[in-house]
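The sequence and structure are shown first.

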Amino acid sequence: MDVRMDGRVAVITGASTGLGLAMAKEFAASGASVALLARKADALAAAKAEVQKAAGKANIKIEAYSCDVSQAQPIADTFKKVEAEFGKVDIVVNNAGISHAKSFETVTDEDWQGDLDLKLFAAIRLSRAAIPGMRARKWGRIVNVLNIGAKAPTANSTPTSVSRAAGLALTKAMSQELAKDNILVNAMLVGLIESDQWARRHKTAAGEGKTYEEFLAGMAKGRIPLGRMGKAEEFARMACFLCSDAGSFITGVAINVDGGASPVV
C-alpha cells in the first residue's frame, strides 16, 4: 500500500526530537508540508534540516516554530503564523509531553497543573484552533499521542497517567462530534520505544556498565512480548497511515504501539 500525503499540511508538537521528529520525517517523505513546533530554537533548527533531508527533492514546505504549547497565547500566536505561511492546516499531531510519574502523595498542585497544561490543554487549544479550517474543507486529522498508562494506570504513575487518560476521553468525545465533517480523531499510545530519553538514561547510573544495546534489551526483557523496544520510525509509520487518505474510515480509536506490552486492548 502506497501511503501518500501529497498536498497536506501537518502541525506536529514536540517535533524537535524523538517521536515528533520521526513523524515529521515520515510525513515529509510521504509528501506533506510540515510545521514543527517545540520550545528550543537550536534543536528545532537541527530537526528542520533532518526533515528537509527526509523530504528529498519534493516541492514541500518545512518550517520550525519555537512555541511553548503549555501556554495559551503562544499556541494562538504560532497557529496564526502557520496558517498565514502555509495557507491551511489539515493535520494536527498533539505529541508534546514528557514522562512525569511519581507516587500520588508526592505530586504537588504545581505538578498537576503543569502536566495538564502541557499534555491536555495544549491538545485542546491547538485542536480548537485547527478545527474551523478543517470543517470548512471537510477534511481533517487529529492524532493525540498518549501512552499505554492512559488505559491501564499503574502505581507511581501520576500525574502522567491521569492527564493521558483525560486525553483518551478527549479523543473519543471529539471523534464523535467531528465525524460528520470528515475530521478523524484518533490516539496512539506509546509503550517502550527507543528515543533520546533512553540514551540519556543510559549515560547515567541506569546504564550500570552495559552497552546501550544491552541496556535496551534489559528494559524490554519480561515487559514486551515482542522481546525488544520499538523504534520511533515504526510509530511514525502508523501515524502516517492514520493521517492519510488510507486511514479514511478510522476514528475514535486508541491504538497501542507497544509490542504487545499493554494488558488491555
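## Packing of α3 and α4

The axes of helix α3 (residues 72-86) and α4 come within 10 Å and cross at roughly 30 degrees. Axes here are lines fitted to C-alpha atoms, for helices over the stretch in contact, and angles run from 0 to 180 degrees between N-to-C directions. The crossing angle makes α3 roughly parallel to α4, given that angles under 35 degrees count as roughly parallel, over 145 as roughly antiparallel, 65 to 115 as roughly perpendicular and the rest as oblique. The α3 and α4 crossing is right-handed; a crossing is right-handed if the near helix is turned clockwise from the far one by less than a right angle, and left-handed if anticlockwise.

On the α3 side, Ala72, Ile75 and Phe79 meet Ala122, Arg125, Leu126, Ala129 and Ala130 of α4, where contact means heavy atoms within 4.5 Å. By class, the α3 contact with α4 comprises seven nonpolar residues, no polar residues and one charged residue. Ala, Val, Leu, Ile, Met, Phe, Trp, Tyr, Cys and Pro count as nonpolar, Asp, Glu, Lys and Arg as charged, and the others, Gly among them, as polar.

## Basis of the description

The model is predicted: local features need pLDDT of at least 70, side-chain atom pairs count only at pLDDT 80 or more, and totals for chains, interfaces and linings use all residues. Residues are numbered from 1 along each chain as its sequence is written, and side-chain values use heavy atoms, with hydrogens and water left out. Helices (H or I, at least four residues) and strands (E, at least two) are DSSP runs, numbered from the N terminus.

## Other helix pairs

Helix α1 (residues 18-29) packs against helix α2 (residues 41-55) at an angle of about 30 degrees, with the axes 7 Å apart. The two helices α1 and α2 are therefore roughly parallel to each other, and their crossing is right-handed. Leu21, Ala24, Lys25, Ala28 and Ala29 of α1 meet Ala47, Glu50, Val51, Ala54 and Ala55 of α2. This contact has eight nonpolar, no polar and two charged residues.

Helix α6 (residues 196-203) and helix α7 (residues 212-220) pack at an angle of about 110 degrees, their axes 10 Å apart. Helices α6 and α7 are therefore roughly perpendicular to each other. Trp198, Ala199, Arg201 and His202 of α6 make the contact with Tyr212, Phe215, Leu216 and Met219 of α7. Six nonpolar, one polar and one charged residues form the contact of α6 with α7.

The structure holds one cavity of 30 Å³ or more. On a 1 Å grid over the protein atoms alone, a cavity is a set of points where a 1.4 Å probe fits but cannot get out, and lining residues have an atom within 4 Å of a point. The largest cavity has a volume of about 90 Å³, a volume being the space filled by probe spheres set on the points, which are joined across faces, edges and corners.

Of the 14 residues lining the largest cavity, Asn94, Lys119, Ala123, Asn144 and Arg164 are the closest to its centre. The elements giving two or more residues to the lining are α4 (109-137), β6 (140-147) and α5 (160-178), and α4 gives the most, with four residues. By class, the lining has seven nonpolar, five polar and two charged residues.

## Backbone geometry

Most residues other than glycine have a negative phi, and most peptide bonds are trans. A cis peptide bond joins Thr158 and Pro159, with omega about 5 degrees; Pro159 lies in strand β7 (residues 158-159).

Asn156, although not a glycine, has a positive phi of about 60 degrees and is placed in the loop between β6 and β7. Asn182 also has a positive phi, near 60 degrees, and is found in the loop between α5 and β8 (183-190).

Terms used
1 Å grid on protein atoms, 1.4 Å probe; cavity = no way out; pocket = protein on both sides within 12 Å on 5 of 7 lines; lining within 4 Å.
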